[in-house]
Amino acid sequence: MEIKKKDIRALTKEQLRDFFVSQGDKAFRGNQVYEWLWQKSAHSFDSMTNLSKETRSMLEENFVINHIKVDQMQRSIDGTIKNAVRLHDDLVVESVLIPTATRTTACVSSQVGCSLDCRFCATSRLKRMRNLNPDEIYDQVVAIDNESRLYFDRPLSNIVFMGMGEPLMNYNNVLKAIEKIVSPEGLGMSPKRIVVSTSGVPKMIKKMADERVKFGLAVSLHSAIDDVRTSIMPFNATFPLKDLREALQYWYSKTKNRITYEYVVWKGINDTQDAADALVKFCKFAPSKVNLIEYNPIDDGEFQQASNMAVDMYKNTLEKNGITVTVRRSRGKDIDAACGQLANKS
Ligand code: SAH
């Protein structure tokens, strides 16, 4: 019977060092392998050229490197790139590279499918299959960094956890991935260039605050009125706005990091002055700014983007109250790569 080999990237550096000692080798060998696995993103033991042939085959016998595979890459007319990423167990997630004049942003997935049920989001139609491992999240970032260098002649500059899944429902793995991304032994990126986006899981927001994380927080708010929010994001019944608000105040008190609210204005759902006033009130609980994002249709037209007039009304109301607001256009719509469109269609 074949013994199931272990995923070598599930080991910490310490564990790798211990492994080599247990094999009668030097602990230092563990550092070398660790560097190959993370900093150099090696896909095979054979490519680890500063190890002896014997060491490489010994690793081969004991471990696997579960590297992701970019199965398909689609390019939008606006330059956006979408990767369909195949995992070692043949499940697929998507990640997106979004170029602007000055930045390249990677939008990465944290779960296969999603357990939340936001009614306007295509990913919610996919059953949540499993959480991504830290290395699977890390690999998506590396793949996009490589594409950024190849197609735009510059390294990746920002990362947003706005792909498939709810990052705070896969908290430990997302944090481990970020640790690797910011570590000099990984990609050495600044945490200030990373944003984790959540539908709002109060308990986890507090936990992040307690851990004094250094990355940014975005919350997909979409309504500051409980009944309305519950009708479009049913889990709001379990995590009502009062709890969310409290957690966000706690977040700010601990991190002093301003919160970003993502907000889509839909026709007949939240396009009234009352709804905008409720948002203003919510924004005043903790320093924050608002991104008004364009709706990307996913279906039969149950949800429709509100008129420009309604969006302007929101913008004016927020500005009059001293709240920073940006109106964001979608990117990559033609290849289903925009917010809420990731659903493994291809
Ligand atoms: N689960 C996380 C991250 C994934 S969604 C979260 O909810 O924040 C990334 C953003 O896209 C969220 O703000 C989400 O509300 C928004 N979104 C989802 N579906 C959308 C759609 N059809 N059009 C525009 N934005 C959408």
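How do the residues of the shell around the ligand divide into nonpolar, polar and charged? They divide into 10 nonpolar, nine polar and three charged. Here Ala, Val, Leu, Ile, Met, Phe, Trp, Tyr, Cys and Pro count as nonpolar, Asp, Glu, Lys and Arg as charged, and the others, Gly among them, as polar.

This is a predicted model, in which local features need pLDDT of at least 70, side-chain atom pairs count only at pLDDT 80 or more, and totals for chains, interfaces and linings use all residues. Residues are numbered from 1 along each chain as its sequence is written, and side-chain values use heavy atoms, with hydrogens and water left out.

**View 1**
Of the 22 residues around the ligand, Ser197, Ser199, Ser220, His222 and Asn296 come nearest. A residue is near a molecule if one of its heavy atoms lies within 4 Å of it. The side chain of Ser197 places an N or O atom 2.6 Å from a ligand oxygen. Glu166 has a polar side-chain atom 3.1 Å from a nitrogen atom of the ligand. Phe120 uses its backbone: an N or O atom there lies 2.9 Å from a ligand nitrogen. A polar contact is a pair of N or O atoms within 3.5 Å. Taken alone, the ligand exposes 530 Å², and the protein buries 96% of that. Areas come from the Shrake-Rupley method with a 1.4 Å probe. Strands β10 (194-198) and β12 (259-264) are the elements that give two or more residues to the shell. Strands are DSSP runs (E, at least two residues), as are helices (H or I, at least four), numbered from the N terminus.

**View 2. Leu221 and His222, in the loop between β11 and α7.**
An unreviewed UniProt entry lists Gly165, Glu166, Ser197, Ser220, Leu221, His222 and Asn296 under "binding site". Such annotations may be inferred rather than shown by experiment. The loop lies between β11 (216-220) and α7 (226-232). Leu221 is buried, at a relative accessible area of 0%. Buried means under 20% relative accessible area, exposed over 50%, and partly exposed in between (1.4 Å probe, protein chains only). Beyond its neighbours within four places in sequence, Leu221 is in contact (heavy atoms within 4.5 Å) with residues including Arg229, Met233, Tyr261, Glu262 and Phe282. His222 is buried too, at 5%. Its phi is positive, about 65°, although His222 is not a glycine.

**View 3. Asn296, in the loop between β13 and α10.**
Asn296 counts as buried, at 3% relative accessibility. Leaving aside neighbours within four places in sequence, Asn296 is in contact with Ser330, Lys333, Ala338, Cys339 and Gln341.

**View 4. Leu248, in helix α8.**
The helix covers residues 241-255. Leu248 is buried, with 1% relative accessibility. Outside four places in sequence, its contacts are Ile205, Leu217, Val219, Ile259, Tyr261, Phe282 and Ala286. Ile225 is 23 residues apart from Leu248 along the chain, and their C-alpha atoms are separated by 16 Å.

**View 5. Asp153, in the loop between α4 and β9.**
Is Asp153 buried or exposed? Asp153 is exposed, with a relative accessible area of 72%. The loop runs between α4 (134-152) and β9 (158-161). Asp153 is not a glycine, yet has a positive phi of about 65°. Most residues other than glycine have a negative phi.

Note on methods. Polar contact = N/O pair within 3.5 Å; in protein donor to acceptor, adjacent residues only side chain to side chain.
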